[in-house]
Amino acid sequence: RGWELLGAPVFSQAFFLSKPIRHFPHSSLLRMFHFLQEDWGLPSSSWIGHDLGFDLEQIRAAKSPIGLLGTALNFIQLFEQLGEDSIDLPDGSWAMETGGYKASGFDLTKEDLYASFNAKLGLAEDQIWNEYSMTELSSQFYTRGIGNPHIGPPWLRFRIIHPETLEEVGEDEMGYLVLYDLANIDSVCAIQTQDFAIKKGDGFLLVGRDPGALPRGCSRMLD
């Protein structure tokens with residue numbers, strides 16, 4: 001639903017920047033990609049990761065709009081593999097990155113990362129989506145471009161609380177995200193994270209993980 005509210009893109013092929021899920025059977029992110037491919041019938045999808053990087057020829061061969069899906073770290077690895085080269089994606093193409101570098105040694109701002117999307121793939125900011133979720137959730141928040149709040153479906157709610165007092169903060173104030181997912185059947189519905197965010201109306205601006213918290217996330221395993 002959050003995806004639809006932001007204007008879901010139209011495309012004919014999707015490429016997952018990873019090896020197939022059998023290589024990482026416990027990854028919640030790859031499980032989501034698998035569901036997109038197998039259960040939702042995502043058109044002409046392919047896993048293009050291998051031991052030496054990514055199959056760039058599959059991307060270059062695309063003649064109609066494509067979607068590229070992976071972690072932010074996956075995309076950095078793709079850009080490094082391209083080196084001084086670039087790929088002109090077909091008009092209407094887009095990308096979805098799931099953020100985070102999770103102690104990998106990279107420390108890029110979102111602005112710098114999206115500048116690389118433009119330089120290496122010809123994608124403008126509004127052609128890049130960010131997904132925010134986690135293993136413990138059944139649903140996701142999405143944002144598009146830079147400086148726009150993450151939004152989710154109506155059954156997925158959030159609060160932002162002060163890390164010390166646990167009191168809810170006001171508009172434009174920062175604190176820890178607390179998430180409530182009614183799709184979490186037979187599981188907990190409330191999760192207090194250690195991710196900082198700023199309240200913006202019906203959504204939030206994601207700031208990043210508390211530096212004092214343990215690193216976690218799919219990109220750590222895929223690294």
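Predicted model: local features only at pLDDT ≥ 70, side-chain atom pairs only at ≥ 80, totals over all residues.
Q: What is the order of the strands in the open sheet of four?
A: Six bridges join β10 to β11, and β9 and β10 also pair over six bridges in the antiparallel sense. Strand β11, residues 190-200, is joined to β12 by six bridges as well, again antiparallel. The order is therefore that of an open sheet with antiparallel pairing, β9-β10-β11-β12.

Q: Which are the edge strands of this sheet?
A: An edge strand here pairs on one side only. Strand β10 pairs with β9 and with β11, which leaves the two ends of the order β9-β10-β11-β12. The edge strands are β9 (156-161) and β12 (203-209).

Q: How many of the eight residues of β10 are buried?
A: Strand β10 spans residues 174-181 and is mostly covered. One of its residues, Leu 179, stands opposite Phe 158. Buried here means under 20% relative accessible area. The number of buried residues in β10 is six.

Q: Which residue is the bridge partner of Lys 199 in β12?
A: Strand β11 covers residues 190-200 and runs antiparallel to β12. The partner of Lys 199 lies in β12, an edge strand at 203-209. That partner is Phe 204.

Q: Why do the buried residues of α5 line one face of the helix?
A: The buried residues of α5 are Leu 113, Tyr 114, Phe 117, Lys 120 and Leu 121. An α-helix has 3.6 residues a turn, so residues three or four places apart point the same way. Seen down the axis of α5, the buried residues line one face because they fall within an arc of 135 degrees.

Q: What covers the buried residues of α5?
A: Helix α5 (residues 110-121) reaches 16 Å from its first C-alpha to its last, close to the 16 Å expected. Just after this helix, Gly 122 takes a positive phi of about 70 degrees. The cover over the buried residues of α5 includes β5 (66-70), α4 (72-82), β6 (94-97) and β7 (128-132).

Q: What percentage of the residues of the chain count as buried?
A: The chain has six helices and twelve strands. It exposes about 11400 Å², of which carbon and sulfur atoms supply 50%. Of its 223 residues, the share that counts as buried is 44%.

How values were computed:
Residues numbered from 1 in each chain as written. Heavy atoms only, no water. Buried < 20%, exposed > 50% of the residue type's maximum accessible area, 1.4 Å probe, protein only. Areas by Shrake-Rupley, 256 points an atom, 1.4 Å probe, with all protein chains shown as cover. Expected span 1.5 Å × (residues − 1). Arc of directions from axis to C-beta. Contact = heavy atoms within 4.5 Å.
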